[in-house]
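Please read it beside the sequence and the coordinates.

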Amino acid sequence: YRLMRIMRENYSRGKIATEPQRIEMEGKGVGMPNGMRRYWSIINNELFDLTEYIQRRGAPFVIAPDDHSNETRSRMFLDDGVHNMFQMHPGQDITDKWNRYFAKHPVARRIHYQCLRGAFYVGVVDKRKSFQCYFANYVLLASSVALTSIIFFKFLAALQLGSRREPEEHDKFIICNVPCYTEGEDNLRSTLESLSTLHYDDKRKLLFIICDGMIMGSGNDRPTPRIVLDILGADPDVDPEPLSFLSLGEGMKQHNLGKVYSGLFEAAGHVVPYIVVVKCGTPRERTRQGNRGKRDSQIILMRFFNKVHFNLPMTPLELEIYHQIKNIIGVNPAFYEFIMMVDADTYVFPDSLNRMVSCMLHDSKLMGICGETQLANEKDTWITMIQVYEYYISHHLSKAFESLFGSVTCLPGCFCMYRIRAPESNYPLLVSNNMIRDYAENNVDTLHKKNLLHLGEDRYLTTLMLKHHPYYKNKFTSDAQCRTNAPDTWQVLLSQRRRWINSTVHNLLELVFLPRLCGFCCFSMRFIVFIDLLSTIVMPATVVYLGYLIYQLVVSTSDTPLVSVYLLAAVYGLQALLFVIKRQWQHIGWMIVYLLALPVFSFFIPIYSFWHFDDFSWGNTRVVVGDGKKTKYVAEVEEFDPSIIPLRKWDEYREEILNGGLNKARMDDMRSEMSSRASMYFGQPRPGSAAGSVYGVNGYGYYHNAGANMQIANGGHMNIPMSVAGGDAMGNASVASMGMAASAHYASEPSAFMAQPQMPAHAMGGGYGMAPIGSAPEGAHIQYSSGMPNEVLVQSVRRILSTVDLMLVTKKQVRQQVAQDCSMDQDELNMRKSFINLCIDEVLNERL
């Protein structure tokens, strides 16, 4: 025993493993000479061989110490029970019998085990070919194959060869939503100018800017709303009265006040209408007045278009927004189909909007789309350098692959577009009731909800779109691009990634249980989401394993896990190949920089994020001047009564104003502040201002009492402009757009918003073939070849407009159909064209 111990300590190189089949067969005597059996058995996965002991009835010989005789009558020193176990059950596992035999004698068990370990130990059982090991190996192999397949398909998804095709110009109405908080003037100006100079019809895009509170960011000399209005060229003397609206928050925080500004923003030869909503808070708020977060800013827009879609009662702020868009800008809010969301520090490439709209129009099932986000400050610091590769890969591999399933799980809030409603069925998408209910959740009382709603609202908005509209798709297009500023300091990066990682985990938990994601089994989006969730959780363990793998490759010559090496080679090899094929040589260098920073991205930051799962602050991403860091605890939240915010439908509000009820509306806090500011937008531009009415000279369609403004702009001669909703120079506008053109009818009625113009008799004939106001109806004293009276033409127009799609048909098509119904030739049609156009306007005005 002593010699065996010395040999093990000095010469041991490992354990000898014997296969279970061989142990069993030789225990039965199969393959043994002369039919002899081998008396060896297994105890606790260790193999002990008592063949010599049992066959020779004890030890073959006895070595006695000096001065002692080795003569003995019996050489059997093991307990008879142990002897019988090995003799009766050779080649078997006798662990249970061993434990039962010594259950009441633990000391004897320890002594006999030491004896067996010292004299009869021959090795361990070889389980490398057992079911357990094979199962683990096959699971590892299957996982490796699945991961490699995903990486390969991501590579194929990113491998979009060929030149970029130029899309056709589109004419859909777009909202460009820009939420602002504490951004600086340079970033805000860059963003607003990039949106204004997009290669898209200026009359069909609307800048909708929402300032989240009266906040002054670090490094700014003015509050953010003032910076925005100064950039837009708004009159600094204009100060509209705050209007009530429903906001996100606890208790009375749900009551908020906001101011609405509108006008025209001129940049690089483009003149674009804008709406600015400034959340200013109630008088009782002392710090962060009006600030409710980015989600609240998005909810303002979503609720507004939800109420426009369903014709629901609106708050005073929403009525004012409706009035500014419909009566001042001249576009019916129901015409807007898409909302492009852009952060206030993002520069959008000129052709990006048209490319995103093109994707939307080519696939009517597409409800959301995002483009590629590049870094504008990639070389500023080492912190920004280590993010370049990650930004590129997350778009061209991850989002491009998810786009194959139509289930991009995160449309970045800094640059994406959503469809307001489905084009064929008019089914609400972004503004559906379910979306509003879940995204405007106020009762955020669990860890899961707080991570969803407080840290990752952009990702959660995408999650809700996939949840409530499973038969529609989200997509990524690399043709649309933007630039944004990445965190350039460690504290800001740590704060941002903590929010991103924690919100990613909770959003993927939501998605993995959705039953109707694209695909099935391992070929489904649910499986991809599960893999992403698992990889996010085990990121720190992955870094540890990579360290172990590198150590094995350096110091070991055997037992190297080659499967892992091959998998890593496939991952980064395919990515390097992608860079080579796309000639993005710089990203090979950025990949090396990222790999050097891998312990930071995949170990330290995830550990920090998981440790701060219950931290719901935004950290240092946005710094507010005068914002103390002392935490305040409120013992009791005052209960909010929603009835303090008056609600009214737009039609009721409009009728009240048109009927002279403006004073009463003002008392009810439902008035419009633009009535006193109309001349600012339609009069002569003031020096240094971009808000002057450039479109007044060019015939831009501001239709509610637009006649007075256009008359001033043209020196007393007012031309009725064609609809901004589409059309050619001959007035062949789309009939859907005529609803706002028809609101020119109100120019002949007393209006509380603007003074009634005194127009000359020829004012309605300014080159568009319109009949003069007050003149005799066309055809009253003329005999036409068809003999059709005007009443028949009116009835024909009514019938046609009741059966066609107003979003597609034009005035010209309506006139041609009327001519066909009434058997008119081309000459008569040309003569009665103005009258038919007036009939169309009147019918549409009645329907509106």
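Rings of Phe, Tyr and Trp (its six-membered ring) are taken as a pair if their centres lie within 6.5 Å, and the planes count as stacked when under 30 degrees apart, as edge-to-face when over 60 and as tilted for the rest. With that definition, ring pairs link Phe173, Phe304, Phe305, Tyr322, Phe335, Tyr336, Trp650 and Tyr653 into a cluster. The model is a predicted one, in which local features need pLDDT of at least 70 and side-chain atom pairs count only at pLDDT 80 or more, while totals for chains, interfaces and linings use all residues. Residues are numbered from 1 along each chain as its sequence is written, and side-chain values use heavy atoms, with hydrogens and water left out.

**The chain overall**

- The secondary structure comes to 32 helices and 16 strands, where helices (H or I, at least four residues) and strands (E, at least two) are DSSP runs numbered from the N terminus.
- Of the 848 residues of the chain, 51% count as buried, a term that stands for under 20% relative accessible area, with exposed meaning over 50% and partly exposed lying in between (1.4 Å probe, protein chains only).
- Among contacts (heavy atoms within 4.5 Å) between residues at least 6 apart in sequence, 74% join residues at least 24 apart.
- The accessible surface of the chain comes to about 41000 Å², and 56% of this belongs to carbon and sulfur atoms.

**Aromatic pairs**

- The structure holds 24 aromatic pairs, and one of them is formed by Tyr53 and Phe77, which are edge-to-face at 5.2 Å centre to centre with 70° between the planes.
- This pair links distant parts of the chain, 24 residues apart, with Tyr53 in helix α3 (residues 51-55) and Phe77 in the loop between α3 and α4 (80-88).
- Tyr53 is buried, at a relative accessible area of 2%, whereas Phe77 counts as partly exposed at 45% relative accessibility.
- The ring centres of Tyr389 and Phe579 are 6.2 Å apart and their planes lie at 80°, so this pair is edge-to-face.
- Tyr389 in helix α13 (residues 382-405) and Phe579 in helix α20 (residues 562-581) are 190 residues apart, and their pair links distant parts of the chain.
- Tyr389 counts as buried at 4% relative accessibility, and Phe579 counts as buried at 0%.

**Charges over rings**

- A charge sits over a ring if NZ of Lys or CZ of Arg is within 6 Å of the ring centre and within 35 degrees of the ring normal.
- Arg38 lies over the face of Trp40, at 4.0 Å from the ring centre, and Lys365 lies over the face of Tyr472, at 4.7 Å from the ring centre.

**The surroundings of His255**

- His255 lies in strand β8 (residues 255-267) and counts as buried at 14% relative accessibility.
- Leaving aside neighbours within four places in sequence, His255 is in contact with Ser244, Phe245, Thr282, Glu285, Arg292, Phe640, Ile644 and Ile645.

**Strand β10 and its partners**

- Seven of the seven residues of strand β10 (residues 336-342) are buried, so this strand is largely enclosed by the rest of the structure.
- Strand β5 (residues 173-180) runs parallel to β10 and is joined to it by five bridges, strands being paired if DSSP finds at least two bridges between them.
- Phe173 has Tyr336 as its bridge partner in β10, and both Phe173 and Tyr336 belong to the ring cluster.
- Five bridges also join β10 to strand β13 (residues 415-419), and these two strands run antiparallel, with Ile339 standing opposite Tyr418 in β13.

Notes. Accessible areas come from the Shrake-Rupley method with a 1.4 Å probe; for residues, only the protein chains shown count as cover.
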